[in-house]
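Me: I have a structure open and want to go through it in short questions. Can you keep the answers plain?

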Amino acid sequence: MIEILKKEDIIRLNQLLDAAERIVACVHVSPDGDAIGSALAMQGILRRKGKQVSVVVPNRFPDNLLWLPGAEDIRVYSANDETLKDLLRQAQLFLILDLNEPGRMRELEEAVMASSAPKVMVDHHLNPSQVWDMAVSRPEMCATGEVICHLAAQMGWTADMQQDEAVCLYASMMCDTGAFTYNSNRAEVYDCIGMLLRYGIDKDRIYRNVFWTATVGRMKLMGYMLYVKTEVLPHSHAAIMTLTNSERRRFNTKNGDTEGFVNLPLQIQGIKLSVFLAEDTEQPGIVKVSLRSVDDFPCNEMSAAFFNGGGHKNASGGRLYCTMDEAVQVARKAIQAHLHLLKE
Ligand code: 5GP
Ligand code: MN
């Protein structure tokens, strides 16, 4: 396992934890498996140390993560929930997980940043903000769950850890790597998996619990998206998929039902970049953008230049404030501008 902290940082982290009874873990907006798995793992680890720990998320998370141990205690932020506001006000330490800058907490940002309690970020995104009291930032790692695995080993938390936390950490890493099919070539990823398997987790069951949970609506929408809504640009080695809210209604889909659709066009021979454009389900006039690539194509650079976003090299996102037709035009322009990289 990797020694992730310097000696003085171990001491500092222990001091921060020792000084706090009430701890709140927060994650990014639209929490994914890495965000939820990381937060629940930390909730379990620190509860075993006798801390009062709550996980507060900015908005709803996908139903296929509800079975994760501890998920029943997750609090979803709502501006008029006074007990939740009290909980945030009374927090003595914040764990900021799977995000690099406060804005990624969206609805939660104001309440968290208004608190004077120390904030410890544990994350794997590039360019961490300088606002945190302590930052454990490891952009080379596949998931925040991996950062926590190394941290747990180094901090000695693994001694009290139980299978529940191991399940959450495995789910984190599995979700951020497409079940170890991308961004997962470092040997240390498998050191972590080896460590987690020793807690007796059933990784195949975790896979099924997370990924084989499709509703009929999702399967039919997937077929429709592939058949009707995917524009393949073979000469550009790219594909554009679009989804409107009326299509979501037509297939009676639920929150999270479109998870992973963006990866599908990458299965087409020669396709290096997939662009998924979906109308925001909450805010009209916003088109959410997801980008996925293979090899060295830099989705994050494309996202920053064309889609008001960022992220990782092979997986990034952003948003456009326009109609779907206009968004498709922006996507075409973005692809044109990157043709030299796509044709390599
Ligand atoms: P997704 O396509 O799953 O929504 O996002 C993939 C990755 O892109 C996320 O893990 C996150 O790192 C990044 N990302 C998504 N949306 C945004 C955004 O609006 N701004 C930035 N900076 N990054 C984003
Ligand atoms: Mn992540």
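Me: How far does a polar side-chain atom of histidine 125 lie from an oxygen atom of ligand 1?

Reply: The distance from a polar side-chain atom of histidine 125 to an oxygen atom of ligand 1 is 3.1 Å. A polar contact is a pair of N or O atoms within 3.5 Å; within protein, one must be able to donate a hydrogen and the other to accept it, and residues adjacent in sequence count only if both atoms are side-chain atoms. This is a predicted model, where local features need pLDDT of at least 70, side-chain atom pairs count only at pLDDT 80 or more, and totals for chains, interfaces and linings use all residues. Residues are numbered from 1 along each chain as its sequence is written, chains are lettered from A and ligands numbered from 1 in the order in which they are written, and side-chain values use heavy atoms, with hydrogens and water left out.

Me: Which atoms of arginine 292 and glycine 310 lie by ligand 1?

Reply: For arginine 292, an N or O atom in the side chain is 3.0 Å from an oxygen atom of ligand 1. For glycine 310, a backbone N or O atom lies 3.2 Å from a nitrogen atom of ligand 1.

Me: How much of ligand 1 does the protein cover?

Reply: On its own, ligand 1 has 490 Å² of accessible area, and the protein covers 70% of that. Accessible areas come from the Shrake-Rupley method with a 1.4 Å probe; for residues, only the protein chains shown count as cover.

Me: Which residues surround ligand 1?

Reply: Arg104, His125, Ser290, Arg292, Gly309, Gly310, Gly311, His312, Ala315, Ser316, Gly317 and Gly318 (a heavy atom within 4 Å).

Me: And by class, what is in that shell?

Reply: One nonpolar, nine polar and two charged residues. Here Ala, Val, Leu, Ile, Met, Phe, Trp, Tyr, Cys and Pro count as nonpolar, Asp, Glu, Lys and Arg as charged, and the others, Gly among them, as polar.

Me: Which strand gives the most to the shell?

Reply: β12, with four residues. At least two residues each come from β10 (287-293), β11 (310-311) and β12 (315-320). Helices (H or I, at least four residues) and strands (E, at least two) are DSSP runs, numbered from the N terminus.

Me: Staying on β10, is serine 293 buried or exposed?

Reply: Serine 293, in strand β10, counts as buried because its relative accessibility is 6%. Buried means under 20% relative accessible area, exposed over 50%, partly exposed in between (1.4 Å probe, protein chains only).

Me: What does the side chain of serine 293 make a polar contact with?

Reply: With the side chain of asparagine 314, at 2.9 Å. A polar atom of the serine 293 side chain also lies 3.5 Å from the backbone oxygen of lysine 313.

Me: Where is aspartate 295 found?

Reply: In the loop between β10 and α11 (299-306). Aspartate 295 is exposed, with a relative accessible area of 60%. Leaving aside neighbours within four places in sequence, aspartate 295 is in contact (heavy atoms within 4.5 Å) with Lys313 and Asn314.

Me: New topic. What do the buried residues of α7 pack against?

Reply: Against α5 (144-155) and α6 (163-176). In α7 (residues 187-197), the buried residues include Val189, Cys192 and Ile193.

Me: How many helices and strands does the protein have?

Reply: 13 helices and twelve strands. Of the 344 residues, 53% are buried.
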